[in-house]
Amino acid sequence: MKFVRFLEKMEKNREVLNGISLIVLGLLIIFDTLWVGKEHAHTSLEEIPAFWSIFGFISCVVIIIFSKWLGHLGIMKQESFYDD
C-alpha cells in the first residue's frame, strides 16, 4: 500500500521529477565530458563525449518501441477475445 501512495505522489509531481531528471542527466554528461578520461577507450566511438549516455538512451527507446510492438502483435488481446 505504501508503494501505491509513492507512485501516486510521483504522478502528481511528474513535472518536477522530469526537471530533476533532466538536470541530473545534464550534470552526468558534463561530468563525462570534462573529467572522465578517454585515453583507455577500446573503440573510436568511446572517445565521443557522452557516448555511453547517448547509447543508453537510444537503447532504452529501442527496447520500449520493440516491447510495444511485441505487445500489440500478440500479447494484448481485445476484451471480447475470450467471450466466443
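In which helix is Phe6 found? In this predicted model, Phe6 belongs to helix α1. With a relative accessible area of 44%, Phe6 is partly exposed, because the value falls between the 20% and 50% limits that separate buried from exposed residues. This residue is a handy starting point for a walk across the surface.

Together with Phe3, Leu7, Met10, Val16, Leu17, Ile20, Val24 and Leu28, Phe6 makes a nonpolar surface patch of about 820 Å². Two elements, α1 and α2, each give two or more residues to this patch. Which of the elements gives the most? That is α2, with five residues in the nonpolar patch.

Lys2, Arg5, Lys9 and Lys12 come together in a patch of positive charge. Lys12, one of these four residues, has its place in helix α1, which covers residues 2-12. Is Lys12 buried or exposed? Its relative accessible area is 72%, so Lys12 is exposed, since any value over 50% counts that way.

Opposite charges deserve a look as well. Side chains of opposite charge can pair when their charged atoms come close. How many salt bridges does a search of the whole structure find? The search finds one, and the partners are Arg14 and Glu11. Arg14 is partly exposed at 45% relative accessibility, and Glu11 is partly exposed with a relative accessible area of 48%.

From the surface, the walk now turns to buried residues. Asp32 lies in helix α2, which runs over residues 14-35. Its relative accessible area is 15%, so Asp32 is buried, because buried means under 20%. What does Asp32 touch, once its neighbours within four places in sequence are left aside? Its contacts are Lys38, Pro49, Ala50 and Phe51.

Phe51, one of those contacts of Asp32, lies in helix α3, made of residues 51-75. Phe51 also counts as buried, at 16% relative accessibility. Along the chain, Phe51 and Asp32 are 19 residues apart, while their C-alpha atoms are separated by 9.0 Å. Seen from the side of Phe51, and again leaving aside neighbours within four places in sequence, the contacts are Asp32, Leu45 and Glu46.

The last stop is the loop between α2 and α3, where Val36 lies. With a relative accessible area of 36%, Val36 is partly exposed. Val36 and Ala50 are 14 residues apart in sequence, and the distance from C-alpha to C-alpha is 9.7 Å.

Terms used: Residues numbered from 1 in each chain as written. Predicted model: local features only at pLDDT ≥ 70, side-chain atom pairs only at ≥ 80, totals over all residues. Heavy atoms only, no water. Helix = DSSP H or I, 4+ residues; strand = E, 2+ residues; numbered from the N terminus. Buried < 20%, exposed > 50% of the residue type's maximum accessible area, 1.4 Å probe, protein only. Contact = heavy atoms within 4.5 Å. Patch = residues over 30% accessible without salt bridge, like charges linked within 9 Å, V, L, I, M, F, W, Y side chains within 5 Å. Areas by Shrake-Rupley, 256 points an atom, 1.4 Å probe, with all protein chains shown as cover. Salt bridge = Lys/Arg side-chain N within 4 Å of Asp/Glu carboxyl O. Lys, Arg positive; Asp, Glu negative; His and termini not counted. Charge placed at Lys NZ, Arg CZ, Asp CG, Glu CD.
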